[in-house]
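Hi everyone, thanks for coming.

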Amino acid sequence: MPLINTQIMSKNRTEQPNIASGKIDSLEKDEIFVFGSNLAGHHMGGAARAANLKFGAEWGVGTGMTGQTYAIPTMQGGVETIKPYVDEFIEFAMRRQDLKFLVTRIGCGIAGFKDEEIAHLFRKAVNINNIYLPKEFYDILVAPYLGVYD
């Protein structure tokens, strides 16, 4: 089995590989909670509700950064309608190296998409040091190529 450093840097993330925790209750000052939203910014359920209640996501803001959150709309159509927002997020995160972006399984809850459908939208994020993907996305995008499960 290959050696992978999974030293915990924060309870919300590991380094090498950059994996976000599946349960985030609190954030460190440089951490941003990345969640799936709707365009209207009505954060009524799932991770969106947590983003609103715990981390400062503003009601009525369905895309981008508010508080310690970053909203990616997932409720407006198919996967192809989510991709431009994911690309925009990745570009934003690359400009904000002072922050650590903890991506939830956006679109895989209330929006009803499968991990396999959404993970590929984050392919460009795999090598970006300050983006932490859910383990489910990592397992789809990276693990098979590293022989992690051999």
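A quick word on confidence before we start: pLDDT is the predictor's confidence in each residue, on a scale from 0 to 100. You'll gather from that that this is a predicted model. Averaged over the chain, the pLDDT is 90, and 89% of the residues score at least 70. Please be careful with residues 1-8, though, where the pLDDT is below 50. Beyond near neighbours in sequence, that stretch has 19 contacts in the model.

Now to the largest pocket. Its volume is about 530 Å³, and 29 residues line it. Which residues lie nearest its centre? They are Gly46, Ala47, Ala48, Thr104 and Arg105. Strand S4, residues 31-37, and helix H1, residues 46-55, each give at least two residues to the lining. H1 supplies the largest share, with 4 residues.

Let me finish with isoleucine 24, which sits in the loop between strand S3, residues 19-20, and S4. Is isoleucine 24 buried or exposed? Isoleucine 24 has a relative accessible area of 10%, and the cut-off for buried is under 20%, so isoleucine 24 counts as buried. What is isoleucine 24 in contact with, leaving aside neighbours within four places in sequence? The answer is Asn12, Phe33, Phe55 and Leu102. And here's a link back to the pocket: threonine 104, one of the residues nearest the pocket centre, is 80 residues from isoleucine 24 in sequence, with 9.1 Å between their C-alpha atoms.

Key
Residues numbered from 1 in each chain as written. Predicted model: local features only at pLDDT ≥ 70, side-chain atom pairs only at ≥ 80, totals over all residues. Heavy atoms only, no water. Contact = heavy atoms within 4.5 Å. 1 Å grid on protein atoms, 1.4 Å probe; cavity = no way out; pocket = protein on both sides within 12 Å on 5 of 7 lines; lining within 4 Å. Points joined across faces, edges and corners; volume = space filled by probe spheres on them. Buried < 20%, exposed > 50% of the residue type's maximum accessible area, 1.4 Å probe, protein only.
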